[in-house]
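Thanks for coming. Please have a look at the model on the screen, and then I will go through one part of it.

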Amino acid sequence: MDKVIRIGTRESQLALWQANQVNDLLTAQGYRTELVPIKSEGDIDLVTPLYEIGVQGIFTKSLDLALLNNRIDIAVHSFKDVPTQLPKQIIHAAILQRGPVKDLLVYKNDTNFLSQPDYIANIATSSVRRKAQWLRKYPQHQLHNLRGNVNTRLRKLAEENWDGAIFAVAGLERINVRPANSIDLDWMLPAPAQGAVVAVCREDDQFCLDACAAFNHADTALATHIEREFLRTLMGGCTTPISAYAYIQNNHIHFSGELCSLDGARFFTVSREVPLEQAQHLGQEAAEDIMAQGGAEIVAQIRNAK
């Protein structure tokens with residue numbers, strides 16, 4: 001195979017880990033590959049809160065442009081960072097088998113503050129989803145913005161006078177930097193497609209589509225499709241607290257979804273279990289259920305506030 005497949009990636013340790021997963025899967029099939037690191041806007045501006053930047057695609061735009069300009073052949077992303085509407089001429093080539101989906105809390109000293117109703121803890125995260133769910137459970141706590149790659153955020157937590165910070169389990173465990181002083185947040189519903197990695201390419205690049213087809217994980221592709229359809233139907237981006245998780249068990253899809261107000265005070269949830277053959281529009285139907293419950297009002301309020 002003479003053609004070298006150029007794999008575009010962000011430069012962070014986690015992004016490189018993800019790109020290397022795709023690289024290894026391709027080289028195992030005999031393809032020749034090359035990693036091409038590219039900076040994204042989300043990596044350059046580490047000060048402005050994500051919800052003020054116009055977040056959709058902030059971590060994917062630079063790689064999309066590199067793809068469309070033929071500087072790379074494949075781009076590798078954390079699937080939760082990818083907008084539900086891909087740019088024209090770019091399509092999903094493969095969705096890798098999913099890793100851990102949960103969030104976790106890295107705490108500074110201990111977790112006693114979680115059971116002290118009068119203590120005003122300082123918790124850091126730049127995710128509006130995590131903020132809303134945290135405030136719903138701990139409305140007295142103060143939330144702080146925390147930007148940057150995983151290592152930058154861990155360092156910032158060590159430097160600041162915070163009680164803890166929220167991370168994705170997958171992000172810390174994949175690069176072996178999960179601290180001992182951390183606990184899984186089993187009660188927190190993840191972002192749509194959290195824990196999944198996607199490879200995208202140009203839709204007319206049959207060579208790369210064929211190369212990636214061999215490692216597309218069908219169960220992960222279906223589950224994340226449902227979660228992202230839920231997100232898209234609610235017209236949510238990174239500025240709207242939307243959570244969704246789907247998994248397959250005994251030929252059924254189990255789905256949970258949630259929409260919160262920014263302060264977590266108002267929320268709407270939905271849970272469904274359907275046979276696989278009835279799962280095609282599950283995400284859309286669940287989102288329409290949320291909207292009918294009153295979720296449409298929250299979505300409108302958040303959009304108007306922007």
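Strand β6, residues 122-124, pairs with strand β8, residues 164-168, in the parallel sense over 2 bridges; two strands count as paired if DSSP finds at least two bridges between them. Ala124 has Ala165 of β8 as its bridge partner. This is a predicted model, where local features need pLDDT of at least 70, side-chain atom pairs count only at pLDDT 80 or more, and totals for chains, interfaces and linings use all residues. Residues are numbered from 1 along each chain as its sequence is written, and side-chain values use heavy atoms, with hydrogens and water left out.

Helices (H or I, at least four residues) and strands (E, at least two) are DSSP runs, numbered from the N terminus. The open sheet has 5 strands, in the order β7-β6-β8-β5-β9, with mixed pairing. β7 (142-144) and β9 (182-184) are at the edges with a single partner strand each, so one side of each has no neighbour in the sheet.

Now the helices. α5, residues 128-137, lies across β5 (103-107), β6, β7 and β8, at about 125 degrees to β8. Axes are lines fitted to C-alpha atoms, for helices over the stretch in contact (heavy atoms within 4.5 Å), and angles run from 0 to 180 degrees between N-to-C directions. α6, residues 150-159, packs on the sheet and touches β5 and β8; its direction makes about 165 degrees with that of β8.

How many residues of α5 are buried? The count is 8 of the 10, so α5 is largely enclosed by the rest of the structure. Buried means under 20% relative accessible area with a 1.4 Å probe, protein chains only. Among them are Arg129, Trp134 and Leu135.

Definitions and conventions: Buried means under 20% relative accessible area, exposed over 50%, partly exposed in between (1.4 Å probe, protein chains only).
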